[in-house]
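Hi,

Here's the structure I promised to pass on. Have a look at it first, then read my notes below.

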Amino acid sequence: VLFLQIVHILNMTSAKIVSFLLHPEESLHSLQNRIEFETGISTGNQELLLETGICLDPRKPASQCVIDGVRGWDSYMVYLFDKSKTVYDGPFASRSLSDCVNYIVQDSKIQLPIPQLRKVWAEAVHYVIGLKEDYSRLFQGQRAAMLSLLRYNANLIKMKNNMVSASQQLKAKLEFFHQSIRLDLERYSDQMAYGISSEKMLKAWKEMEEKASQCAQAEDIGYLDEQIMALHTEIVELQKSPYARRQGEVMESLEQRAIDLYKQLKTRPPDHAYSDSTDMVKIIVQTVQSQDRVLKELFGHLSKLLGCKQKIIDLLPEIEVALNNIKEADNSVMQMQGKRQREIWHLLKIACTQSSSRSLVSSSLEGTASTPAATWLPQGSSGNSAPHPLSSLAAPEDGENFADVIRENVNYLELFSSILQEVRQEQNCMMVS
């Protein structure tokens, strides 16, 4: 018997406790099926919380519900919530009266012998203590719901901070992108008259600028930020609410009065005296009324907690979508920036090729202009002396030099043609990209 594991489930929707004997190595899913059979709450809508607000892990066995030690064996509770409901409004009936206590409640002035009255009052004290303990357990369930809400809120804050950080980074990159592409377009327009031009590339750059303006929509998270801030304010107000704190002081004082009244009766001698139960019945009625009031406040506050939690659950996917949109926009901006920089370097390569080809052509032209003149000068002549009439005739050696010059010029012409062809191919590639 000492090694048996029993889990106590407090159904917060009905304020009733159901207990289950756990089988060795029983899974949590198996336990949830048994809970569904007893409570009518489907396994998909069950939320099982520990006192700390931690939800039970479906990967672990059902024995996680029970802690080691005497307290875990006897009084440790697991709190059951129905995820399909956010409003818990009862009615929640108080625990039933025993026959003896109900007898004196029906007629508090009836006279009973002291020995018999002691037994009835002992049950009445137990009933009053039970009402207070019922409230204490339900309050602990509300506290578990609050702790669970704060865990969800912490996750919401973390995701919100990531979203804001990503949005700010995207905004900074978009500002840099717009400034750089405007400068590139201005410089490109300045050099079109005497440099390199590509209408296709210019159109692509302008499309990039328009697409970047569309990406700016992803950084607009103001609507989500407003909802999150309003939800934070609501959660803070719930934490500050007096209903978030224990309201059982009246019931505790009534409990103490019932105990004191019973002690006074117990000290009376067991003679043949009789007495009524007016004072004890008053305490019972006041305790029931007090429990009704505090339970109404407790479940009203609990419904607000569960409403806030549902708002967080609904917000989390929206934040995830916003984060994905920001990341996609960020990647798009970086890809456009990289593509434009590659195109700029391609333009620079074409410009350098054209510059080198022009210098090569000019040097070749200078060589062809000077070489024939030198070859036609007679050997041993100076610039001041007039040429000999016969020296203007071409000698065999002069003919060989002239043929060499022609071959050299042909080679330069072929080289120049190949350079021009490469430049045209580069320009065509630039137009296609």
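**Salt bridges**

Lysine 309 and glutamate 47 form a salt bridge, and their closest N and O atoms are 2.5 Å apart. Find lysine 309 in helix α8 (residues 278-376) and glutamate 47 in strand β3 (residues 46-49); because they sit there, the pair ties together parts that are 262 residues apart in sequence. Keep in mind that you're looking at a predicted model.

Are these two partners buried or exposed? Lysine 309 is buried, at 5% relative accessibility. Glutamate 47 counts as buried too, with a relative accessible area of 8%.

Now stay with helix α8, where glutamate 343 and lysine 339 lie 4 residues apart, about one turn of the helix. They form a salt bridge as well, with 2.6 Å between the closest N and O atoms. Here glutamate 343 is buried, with a relative accessible area of 7%, whereas lysine 339 is partly exposed at 31% relative accessibility.

Glutamate 297 and arginine 293 are another pair to look up: their salt bridge has its closest N and O atoms 3.6 Å apart. Since they are 4 residues apart in helix α8, about one helical turn separates them. Arginine 293 counts as partly exposed, at 37% relative accessibility.

Which residues are linked in a network of salt bridges? Look for Arg95, Asp134 and Arg137, which are joined that way.

Cheers

Technical notes:
Residues numbered from 1 in each chain as written. Predicted model: local features only at pLDDT ≥ 70, side-chain atom pairs only at ≥ 80, totals over all residues. Heavy atoms only, no water. Salt bridge = Lys/Arg side-chain N within 4 Å of Asp/Glu carboxyl O. Helix = DSSP H or I, 4+ residues; strand = E, 2+ residues; numbered from the N terminus. Buried < 20%, exposed > 50% of the residue type's maximum accessible area, 1.4 Å probe, protein only.
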